[in-house]
Amino acid sequence: MMNVFIRTQLFLFWNNLFKFFEVFVVSVVNKIVARRTQLSQSGRLVGDWIVENAEKAAQLTSQELAAQVKVSQSSIVKFTQRIGFKGYSEFKLALNEEIG
């Protein structure tokens with residue numbers, strides 16, 4: 001009984017640790033491409049636009065990006081969460097670091 005509990009806790013620990021470091025190790029564009037098939041239609045529109053316009057996207061607010069892609073601002077936030085970020089600000093920071 002205890003072994004199952006310990007294994008579960010270790011799995012959760014390593015899984016969370018991996019997710020934490022994934023934000024900094026895997027490029028934003030690679031995350032978008034890797035998760036494209038798991039995204040909604042609006043998520044795919046957002047992802048495709050960002051991949052094609054990464055430098056411009058890194059300078060936009062979530063409202064401005066939503067206007068460019070012609071989706072809602074909530075779609076932008078949901079997109080960033082679905083590809084592994086806590087929200088738009090964390091996504092934008094990672095994208096800016098990637099672009100340099």
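The protein has 7 helices and 0 strands, where helices (H or I, at least four residues) and strands (E, at least two) are DSSP runs numbered from the N terminus. Read from the N terminus on, its elements run α-α-α-α-α-α-α. This is a predicted model, in which local features need pLDDT of at least 70, side-chain atom pairs count only at pLDDT 80 or more, and totals for chains, interfaces and linings use all residues. Residues are numbered from 1 along each chain as its sequence is written, and side-chain values use heavy atoms, with hydrogens and water left out.

Of the 100 residues of the protein, 32% count as buried; buried means under 20% relative accessible area, exposed over 50%, and partly exposed in between (1.4 Å probe, protein chains only). Contact means heavy atoms within 4.5 Å. Among the contacts with a separation of 6 or more, 56% come from residues 24 or more positions apart.

Helix H3 covers residues 41-52. Its 12 residues reach 17 Å from the first C-alpha to the last, close to the 16 Å expected at 1.5 Å a residue; the expected span is 1.5 Å times one less than the number of residues. The buried residues of H3 are Gly43, Val46, Gly47, Trp49 and Ile50. They lie on the same side of H3, because they cover an arc of only 165 degrees around the axis. The arc is that of the directions from the helix axis to the C-beta atoms. Gln41 and Glu52 are exposed, on the face of H3 turned away from its buried side. The buried residues pack against helix H2 (28-35), helix H4 (54-57), H5, H6 and helix H7 (88-99).

H3 and H5 pack at an angle of about 100 degrees, with their axes 10 Å apart. H3 is therefore roughly perpendicular to H5. Axes here are lines fitted to C-alpha atoms, for helices over the stretch in contact, and angles run from 0 to 180 degrees between N-to-C directions; under 35 degrees counts as roughly parallel, over 145 as roughly antiparallel, 65 to 115 as roughly perpendicular and the rest as oblique. H3 contributes Leu45, Val46, Trp49 and Ile50 to the contact, and H5 contributes Leu65, Gln68 and Val69. By class, the contact has 6 nonpolar, 1 polar and no charged residues. In this classification Ala, Val, Leu, Ile, Met, Phe, Trp, Tyr, Cys and Pro count as nonpolar, Asp, Glu, Lys and Arg as charged, and the others, Gly among them, as polar.

The loop between H5 and H6 holds Lys70. Lys70 is exposed, with a relative accessible area of 72%. Its phi is near 65 degrees, a positive value in a residue other than glycine.

Ser62 counts as buried at 11% relative accessibility, while Gln73 is partly exposed at 36%. Leaving aside neighbours within four places in sequence, Gln73 is in contact with Ser62, Gln63 and Ala66. With residues up to four places away likewise not counted, Ser62 touches Gln73, Ile76 and Tyr88.

Ser75, Ile76, Phe79 and Thr80 are its buried residues. Their arc around the axis is only 135 degrees, which puts them on the same side of H6. What covers them includes H2, H3, H5 and H7. After H6 comes Gly84, with a positive phi near 110 degrees.

H7 has 12 residues and reaches 16 Å from its first C-alpha to its last, close to the 16 Å expected at 1.5 Å a residue. Tyr88, Phe91, Ala94 and Leu95 are its buried residues. Seen down the axis, these fall within an arc of 130 degrees, so they line one face of H7. Ser89, Leu93 and Glu97 are exposed on the other side of H7. The buried residues of H7 pack against H2, H3, H4, H5 and H6. Gly100 follows H7 and has a positive phi, near 80 degrees.
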